Amino acid sequence: MNADHADVDRLGTLVRPVDVARERAQTVGVRHAHHLNSAGSALPTVAVVDEVVAHLRREETEGGYEAAAAVAGRIEEVYASAARLVGARAEEIALSDSASTGLRVVVDALRLDATSRVLVARSTYVSHALHLLSLTRETGAELVVLPSGPDGAVDLDRLERALTGGPRDVVCVAQVPTSSGLVEPARDIGALTRRSGAVYLLDATQSVGQLRIDVDEIGCDALVTTGRKFLRAPRGTGFAYLRGGFLDRLTPVAPDVRGAVWTGTHQWSLSPTARRFETWESSVAGRLGLGVALTQLLDRGVEATEAYLTACGARLRRGLAAIDRVTVQDPPASRSGIVTFTVDGLGSDAVSRRLAVRGVRTVSVPASHGQWDLGLRGVPAVVRASVHVYNNDADLDALLGAVAEIARGANP
């Protein structure tokens, strides 16, 4: 779907459309396949890869510590870019190796006990769900899976009734799940949690980079995301936002020399910033690549990116719904660049493999990755296609054509 017209953002400002041809010119991977798996790991640009490789070469000649010292100022710019992207301050940003790590250290730092209540959306990702299941079993904290409304999103009325008031309630929501194109009403949830005094943790792994995010508007206490998906950054990168006032309540379970200072025989002090959750060891090359990816997104424009991806997602849903024996599995509240579907009589893993043979890259998501969503819906697995700014009409047509062939029983 070519972006040949300007859109208007929420403030009524004209948004420059995405230059898809330019994005494709700086993305090597588009020459090899129709890549529709950005929700798994998006294709990086040449500039991102060059940045990573250049720093690894520097480590090769200078040594890891020396190379890191030489680019310390540029690493500081990564914090600033991440903060700008989500509407935060640089001191509220912590860099990590993944969203799962970011969520785990924050939840652990809450020090849940038998008086705590954890309210989770059905959109919760498997790694976070497993952590919460284990933690609540060990601590005796109550775990409540929030029901969804008719549109598939969190039922706000039921959430409001479930909140008891005060910080013993911890609300965990994945803004966009791994198992569909659903977009949870993050701001509405934030309004309810602020009113009740509950803690609000937002997993923005599949929304940062494709949707406009403003942490003040959303009202979350913490947000985590990964680099490899819609940010188009290297694998093994990510960041967390921790609201300044909320940070004071959090004590890391395992403080590290990166985020704490050992001040005496039995004393230590924590960093006053979100960096108290960081560890000394990290991929400096990866973080430099993350910085390039963040800059490219900010230069392209988040609003333009969101408009393009949601339009592509809508077109795919319409096209797939028109194919016999194909069922679009996205709930009504799906307004993102992620699309899920099934083909009658074929397992989703088989469909994804047959698409790959035809040069179309998707992924099969099993119910074991989203038991509170796919499992409760009785859907064993879905094929997930996810677009990015380097996808054009030919990519979307290739998916629709291949799915039609597979649904008709074409081999292989």
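**Around helix α12**

Modeller: Let's start with a contact: α3 brings Ala-47, Val-48, Glu-51, Val-52, His-55, Leu-56 and Glu-59 up against Val-284, Ala-285, Leu-288, Gly-289, Val-292, Ala-293 and Gln-296 of α12. By class, that contact of α3 with α12 splits into nine nonpolar, three polar and two charged residues. Keep in mind that this is a predicted model.

As for the geometry, helix α3 covers residues 46-62, and its axis comes within 8 Å of the α12 axis, crossing at roughly 155 degrees. Angles over 145 degrees count as roughly antiparallel, so α3 is roughly antiparallel to α12. The crossing of α3 past α12 is right-handed.

Now bring in another partner of α12, helix α5 (residues 72-86), whose axis lies 9 Å from that of α12 at an angle of about 40 degrees. That angle makes α5 and α12 oblique to each other. Here the crossing is left-handed. On the α5 side you'll find Arg-74, Ile-75, Val-78, Ser-81, Ala-82, Arg-84 and Leu-85. They meet Val-284, Arg-287, Leu-288, Leu-290, Gly-291, Leu-294, Thr-295, Leu-297 and Leu-298 of α12. Sorted by class, the contact of α5 with α12 has ten nonpolar, three polar and three charged residues. If you compare the lists, Val-284 and Leu-288 of α12 turn up in the contact with α3 and again in the contact with α5.

What does the count of cavities of 30 Å³ or more come to? It comes to one, and the largest cavity holds about 40 Å³ of space. Its lining is made up of Thr-45, Val-48, Phe-230, Leu-231, Arg-232, Ala-293, Gln-296, Leu-297 and Arg-300. Helix α12 (residues 284-300) gives the largest share of that lining, with four residues. By class, the lining has five nonpolar, two polar and two charged residues.

One more pair is worth a look while you have the model open. Helix α13 (residues 302-321) packs with helix α16 (residues 393-407) at an angle of about 25 degrees, their axes 10 Å apart. This makes α13 roughly parallel to α16. Their crossing is right-handed. From α13, the contact uses Cys-312, Arg-315, Leu-316, Gly-319 and Leu-320. From α16 come Asp-393, Leu-396, Asp-397, Leu-399, Leu-400 and Val-403. Seven nonpolar, one polar and three charged residues make up the contact of α13 with α16.

Key
Residues are numbered from 1 along each chain as its sequence is written. This is a predicted model: local features need pLDDT of at least 70, side-chain atom pairs count only at pLDDT 80 or more; totals for chains, interfaces and linings use all residues. Side-chain values use heavy atoms; hydrogens and water are left out. On a 1 Å grid over the protein atoms alone, a cavity is a set of points where a 1.4 Å probe fits but cannot get out, and a pocket is an open set with protein on both sides within 12 Å along at least five of seven lines; lining residues have an atom within 4 Å of a point. Grid points are joined across faces, edges and corners, and a volume is the space filled by probe spheres set on the points. Helices (H or I, at least four residues) and strands (E, at least two) are DSSP runs, numbered from the N terminus. Ala, Val, Leu, Ile, Met, Phe, Trp, Tyr, Cys and Pro count as nonpolar, Asp, Glu, Lys and Arg as charged, and the others, Gly among them, as polar. Axes are lines fitted to C-alpha atoms, for helices over the stretch in contact, and angles run from 0 to 180 degrees between N-to-C directions. Angles under 35 degrees count as roughly parallel, over 145 as roughly antiparallel, 65 to 115 as roughly perpendicular and the rest as oblique. A crossing is left-handed if the near helix is turned anticlockwise from the far one by less than a right angle, and right-handed if clockwise. Contact means heavy atoms within 4.5 Å.
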